[in-house]
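Kindly read it alongside the structure.

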Amino acid sequence: MENLRNYITALHQAIDLLPHSLIAEVIDILERARLQGRQVFIMGNGGSASTASHFVCDLAKNTRRAGLPNYRVIGLNDNMATFSAYANDEGYESVFASQLTNLVNPGDIVIGISASGNSKNVLHAMSEARKHNTTNIAFTGFDGGRLAQLVDINIRVESSIIEHVEDIHLMLEHMIVKTIKDRQQFQLPLGYSAQLSAD
């Protein structure tokens with residue numbers, strides 16, 4: 001029981017240190033991307049791959065509303081045939097960057113999830129994204145790793161316990177999607193919103 005209490009106490013402490021202003025900034029970026037027809041790419045490895053897929057699912061499905069465009073969101077770890085082909089033929093470090101090269105446009109959003117911030121394939125993809133004038137976002141933990149230096153916004157979980165970092169990364173995607181859902185009821189129909197976002 002003590003182990004359980006310690007886990008929960010430390011998790012609460014890490015949650016309390018989350019950078020609310022950066023999370024709000026990510027929400028604003030995603031809302032603008034939606035109205036402007038930008039693509040959103042999300043990626044991660046292992047447990048972070050699961051969080052990335054979950055984020056894609058929630059952002060694509062749970063934010064739909066009549067009068068607003070749907071999110072154009074793509075999970076870079078979800079097509080196993082493509083993923084394994086790049087891994088086999090070009091190396092695991094290329095699996096995300098090679099997909100981005102084919103699909104990314106200026107102004108798109110690229111989100112990398114890496115607890116350590118040092119996943120080589122995520123780093124390669126972010127380096128590739130930077131060549132295309134994208135907005136780059138990371139969810140990290142520990143000290144943020146090299147990924148923190150490659151992105152415009154790094155939301156770092158202040159913990160060195162990987163389970164806590166991964167717990168909170170999933171919470172972050174839920175907070176972001178839930179806030180978008182709650183806020184969209186106040187948004188104007190598509191034509192008006194798009195015009196306002198361009199002003």
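This is a predicted model: local features need pLDDT of at least 70, side-chain atom pairs count only at pLDDT 80 or more; totals for chains, interfaces and linings use all residues.

1. Residues are numbered from 1 along each chain as its sequence is written, and side-chain values use heavy atoms, with hydrogens and water left out.

2. An open sheet is formed by 5 strands with parallel pairing, in the order β2-β1-β3-β4-β5. Strands are DSSP runs of E with at least two residues, and helices are runs of H or I with at least four, numbered from the N terminus; two strands pair if DSSP finds at least two bridges between them. Because β2 (72-75) and β5 (153-156) each have a single partner strand, one side of each is left without a neighbour in the sheet.

3. β4 (residues 135-140) pairs with β5 over 4 bridges, in the parallel sense. Opposite A138 stands N154 in β5.

4. In helix α7, K178 and D182 lie 4 residues apart, about one turn of the helix. Their side chains meet in a salt bridge (2.8 Å, N to O). K178 is partly exposed at 44% relative accessibility, and D182 is partly exposed at 33%; buried means under 20% relative accessible area, exposed over 50%, and partly exposed in between (1.4 Å probe, protein chains only).

5. A salt bridge also joins K131 and E128 (3.4 Å, N to O). K131 is exposed at 63%, whereas E128 is buried at 13%.

Note on methods. A salt bridge is a side-chain nitrogen of Lys or Arg within 4 Å of a carboxyl oxygen of Asp or Glu.
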